[in-house]
Amino acid sequence: MAQYFDLHPENPQPRLLKQAAAVIAGGGVVAVPTDSSYAIACHLDDKAAADRLRQIRRIDDKYHLTLLCRDLSELANYARVDNRQYRLLKSATPGPFTFILDATREVPRRVSHPQRKTIGLRVPDHAALQALLEAHGAPLLATTLIGPDETEPLNDPDQIRERFQKVLDAVIGAGPCPDQPTTVVDLTGMATGGDPVLVRRGRGDPALLGL
């Protein structure tokens, strides 16, 4: 049965953040609010938790998972970023964008794309999630929370609690989120002089990136 943490969306309670971070550190798979929709997330270095996350979403190892990072300096630990890419990232973070970048060796091989050695990264603009990332002290491995055989992301914590309480370890609620996924942009081609590629149009405005 999933624990439920009811966080204030702007001023999350430190006691609840500490408890929620302990669930993640202990191998838990949790629902978290973001600036797009809710996501399910776990500790980056926990293989069993990552496998459970994929099972809940019914996705295989070819599906890009995303690292939720606190800021661009943390992001740079997990992706190779040149000056041109960095300027583009800075123009749209924090915000509802996921960027596909070449993974560094800091990213476990099992969570990067098996053929391309790439990873999705984002810096969310959500106060409660930023506070949770701070309490956890590291990025979270995540993917959009979409129900089995569905196409729309979930954005209501009470609905998530009702539907997923038997498979999640915790639901970290902070009120309803927007009901759109992130805008996904592939930046890997920029490393060899190419341009960014819009992969999925979502909540983030591609015009911020000149797309």
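Tutor: Six residues of H1, namely Leu16, Leu17, Ala20, Ala21, Val23 and Ile24, are buried, where buried means under 20% relative accessible area, exposed over 50%, and partly exposed in between, with a 1.4 Å probe and protein chains only. These residues lie on the same side of H1, because they cover an arc of only 150° around the axis, the arc being that of the directions from the helix axis to the C-beta atoms. On the other side of H1, Pro14, Arg15, Lys18 and Ala25 are exposed.

This is a predicted model, in which local features need pLDDT of at least 70 and side-chain atom pairs count only at pLDDT 80 or more, while totals for chains, interfaces and linings use all residues. Residues are numbered from 1 along each chain as its sequence is written, and side-chain values use heavy atoms, with hydrogens and water left out.

H1 spans residues 14–25, and its 12 residues reach 16 Å from first C-alpha to last, close to the 16 Å expected at 1.5 Å a residue; the expected span is 1.5 Å times one less than the number of residues. Helices (H or I, at least four residues) and strands (E, at least two) are DSSP runs, numbered from the N terminus. After H1 comes Gly27, whose phi is positive, near 100°.

The cover over the buried residues of H1 includes strands S1 (3–6), S2 (30–32), S3 (39–43), S7 (140–144) and S8 (170–173), together with helix H5 (127–136). Among these, S3 is itself mostly covered, with four of its five residues buried. S3 pairs with S2 in the antiparallel sense over three bridges (two strands pair if DSSP finds at least two bridges between them), and S2 and S3 form a hairpin with six residues between them. Within that pairing, Val32 stands opposite Ala39 in S3. S3 also pairs with S7, again antiparallel, over five bridges, and there His43 has Leu140 as its bridge partner in S7.

Moving on to the nonpolar cores (sets of buried Ala, Val, Leu, Ile, Met, Phe, Trp, Tyr and Cys residues joined through side-chain atoms within 4.5 Å), the largest has 42 residues, and those with the most contacts inside it are Leu67, Leu75, Phe99, Leu121, Ile160 and Leu168. The elements that each supply at least two residues of this core include S3, helix H2 (47–57) and strand S5 (97–102), and the largest share, four residues, comes from H2.

S5 pairs in the parallel sense with strand S9 (residues 183–186) over four bridges, with Ile100 opposite Asp186, and four bridges join S5 to S6 in an antiparallel run, where Phe99 has Leu121 as its bridge partner.

Key: Contact means heavy atoms within 4.5 Å.
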